Amino acid sequence: MSVIQTVRDLIGLDPSTRADPDMARVLEALAGLKIKPIETCSVEEARAQPTAADAAAAVMTADGISPEVPGVTVRDVTYPAATGNCAARIYTPSGDGPFPVVLYFRGGGFVIGSLDAYDATPRAMAAQANAIFVSADYGMAPEHKFPAPHDDAFAAYRWVTENAQSFGGDPARIALMGESAGGNLAANVAIDARDHGLQAPVAQILIYPLASTNLMQASDLQNANAKPLNVSMLTWFMDKLLANPSDMKSPLLNLLAADLRDLPPATIINAGIDPLESDGEKLAKRMRDAGTRVTNTIYPGATHEFFGMSRVVKAAAEAQALAASNLRVAFDTAD
């Protein structure tokens with residue numbers, strides 16, 4: 001069989017047939033929302049559509065499950081970012097502080113998404129890690145082209161380190177976490193802190209991070225038609241993000257070409273039904289080769305965006321428990 005024919009066969013597959021039963025139930029709910037393919041939408045249409053989080057919420061409603069997490073209080077603030085004042089949401093667990101702090105960046109391909117759409121992850125993780133989570137928004141493309149989201153993320157880290165005490169946090173124990181595009185931002189913040197002599201984060205939790213601009217990797221082919229993220233969507237996101245095609249080569253986006261030495265321990269979590277699976281595996285190898293301690297775990301029957309669905313997807317509950325455990329260890333051993 002020719003390579004071209006193999007590629008055509010892979011692209012024609014429906015990878016959702018590999019989903020775990022509980023993940024498949026969320027995918028069925030997602031299909032019921034009648035979402036238009038994002039690559040056919042305007043930016044405004046794409047931002048207005050339901051999300052994978054809405055599909056998980058529909059399953060929770062059907063099962064009578066509340067999204068609330070007992071003991072976690074939430075308040076909205078703003079921070080001074082490169083693109084202007086950006087929204088942030090602070091999730092504080094019950095008990096006496098000061099608490100360690102996790103700066104969290106949401107997904108959305110740098111183009112769509114919101115703090116509300118990614119509320120489930122920091123809400124659940126604040127309780128499990130017994131840490132304050134700061135979910136920091138950032139300027140999105142195409143209004144704010146690359147590298148604006150990264151510049152905002154760098155500003156968010158500086159703001160958190162300087163203001164942690166004011167919201168009950170311990171400025172000596174700060175970690176990073178992000179999903180998808182947010183995973184890319186979190187990794188870049190760790191690099192930026194190293195390069196500028198800032199306080200080093202104690203850990204980085206990277207959940208299906210964007211780590212390469214190569215869309216012909218093994219998982220891109222195997223999961224070209226995956227949901228809720230497929231390769232056509234990745235191309236659409238990049239088209240909206242980049243002001244210059246040469247930016248595809250930037251190590252901010254292509255983390256596999258970045259200097260990954262002297263970084264905090266990393267936990268990389270990937271889904272098996274996700275074009276970005278190869279990104280996570282290759283990033284883990286590159287980090288290990290550079291001397292960074294890495295835990296790399298793949299959940300084969302889960303899809304992109306699964307991490308925040310712990311109430312209805314077993315793999316998400318397991319992944320959250322792993323991330324929380326690694327955060328607690330990092331906080332307990334911080335100098």
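Colleague: Where does Pro-98 lie?

Modeller: Pro-98 is in the loop between β2 (84-92) and β3 (99-105). Keep in mind that this is a predicted model.

Colleague: What kind of peptide bond joins Gly-97 and Pro-98?

Modeller: General idea to start with: most peptide bonds are trans. The bond joining Gly-97 and Pro-98 is cis, with omega about 5 degrees. You can find another one at Phe-146 to Pro-147, where the peptide bond is also cis and omega is near 5 degrees. Pro-147 sits in the loop between β4 (132-136) and α6 (148-163).

Colleague: Okay, on to phi. What is the phi of Phe-110?

Modeller: As a rule, most residues other than glycine have a negative phi. Phe-110 is not a glycine, yet its phi is positive, about 70 degrees. Look for Phe-110 in the loop between β3 and α5 (120-129). Ser-180 is another case, with a positive phi near 60 degrees. Ser-180 is in the loop between β5 (169-179) and α7 (181-195).

Colleague: Is Phe-110 buried or exposed?

Modeller: The cut-off to remember is that buried means under 20% relative accessible area. Phe-110 has 2%, so it counts as buried. Ser-180 has 8%, so it is buried as well.

Colleague: And Ala-62, buried or exposed?

Modeller: For exposed, the relative accessible area has to be over 50%. Ala-62 comes in at 60%, so it counts as exposed. You'll find Ala-62 in helix α4 (residues 52-62).

Colleague: How far apart are Ala-62 and Ser-310 in space?

Modeller: Here you read two distances, one along the sequence and one through space. Ala-62 and Ser-310 are 248 residues apart in sequence, and their C-alpha atoms are 15 Å apart. Now try Ile-174 and Val-101: they are 73 residues apart in sequence, with 4.8 Å from C-alpha to C-alpha.

Colleague: Which residues is Ile-174 in contact with?

Modeller: Set aside the neighbours within four places in sequence, and the contacts of Ile-174 are Val-101, Tyr-157, Val-160, Thr-161, Gln-199, Pro-201, Val-202 and Phe-331. Ile-174 belongs to strand β5. Its relative accessible area is 0%, so Ile-174 is buried.

Colleague: Let me try a loop residue. Where does Pro-15 lie, and what does Pro-15 touch?

Modeller: Pro-15 is in the loop between α1 (3-11) and α2 (21-32). Not counting residues up to four places away in sequence, Pro-15 touches Gln-222, Asn-223, Asn-225, Ala-226 and Ile-273. Take Asn-225: its C-alpha is 7.0 Å from that of Pro-15, although the two are 210 residues apart along the chain. Pro-15 has a relative accessibility of 1%, so it counts as buried.

Colleague: Which residues does Thr-303 touch?

Modeller: Beyond residues up to four places away in sequence, Thr-303 touches Met-23, Leu-27, Tyr-208, Lys-227, Pro-228, Ala-271 and Ile-273. Thr-303 is in strand β8 (residues 294-303), and Thr-303 is buried, with a relative accessible area of 0%.

Colleague: How many disulfides does a search of the whole structure find?

Modeller: The search finds 0.

Colleague: Let's zoom out. How many helices and strands does the protein chain have?

Modeller: The chain has 11 helices and 8 strands. Its radius of gyration is 19 Å, close to the 20 Å that the globule rule gives for 335 residues, so the chain is as compact as a globular protein of that length. Along the principal axes, the C-alpha atoms fill a box of roughly 60 × 50 × 35 Å.

Colleague: What share of the 335 residues counts as buried?

Modeller: That share is 55%. As for the surface, the chain exposes about 13,600 Å², with carbon and sulfur atoms supplying 53% of that. Among contacts with a separation of 6 or more, 77% come from residues 24 or more positions apart.

Colleague: Last one: how many positive and negative side chains are there?

Modeller: You get 26 positive and 38 negative side chains, and the centres of the two sets lie 3 Å apart.

Conventions
Residues are numbered from 1 along each chain as its sequence is written. This is a predicted model: local features need pLDDT of at least 70, side-chain atom pairs count only at pLDDT 80 or more; totals for chains, interfaces and linings use all residues. Side-chain values use heavy atoms; hydrogens and water are left out. Helices (H or I, at least four residues) and strands (E, at least two) are DSSP runs, numbered from the N terminus. Buried means under 20% relative accessible area, exposed over 50%, partly exposed in between (1.4 Å probe, protein chains only). Contact means heavy atoms within 4.5 Å. The radius of gyration is taken over C-alpha atoms; the globule rule is 2.2 Å times the number of residues to the power 0.38. Accessible areas come from the Shrake-Rupley method with a 1.4 Å probe; for residues, only the protein chains shown count as cover. Lys and Arg count as positive and Asp and Glu as negative; His and the chain ends are not counted. The place of a charge is taken as NZ of Lys, CZ of Arg, CG of Asp or CD of Glu. A disulfide is a pair of cysteine sulfur atoms within 2.5 Å.
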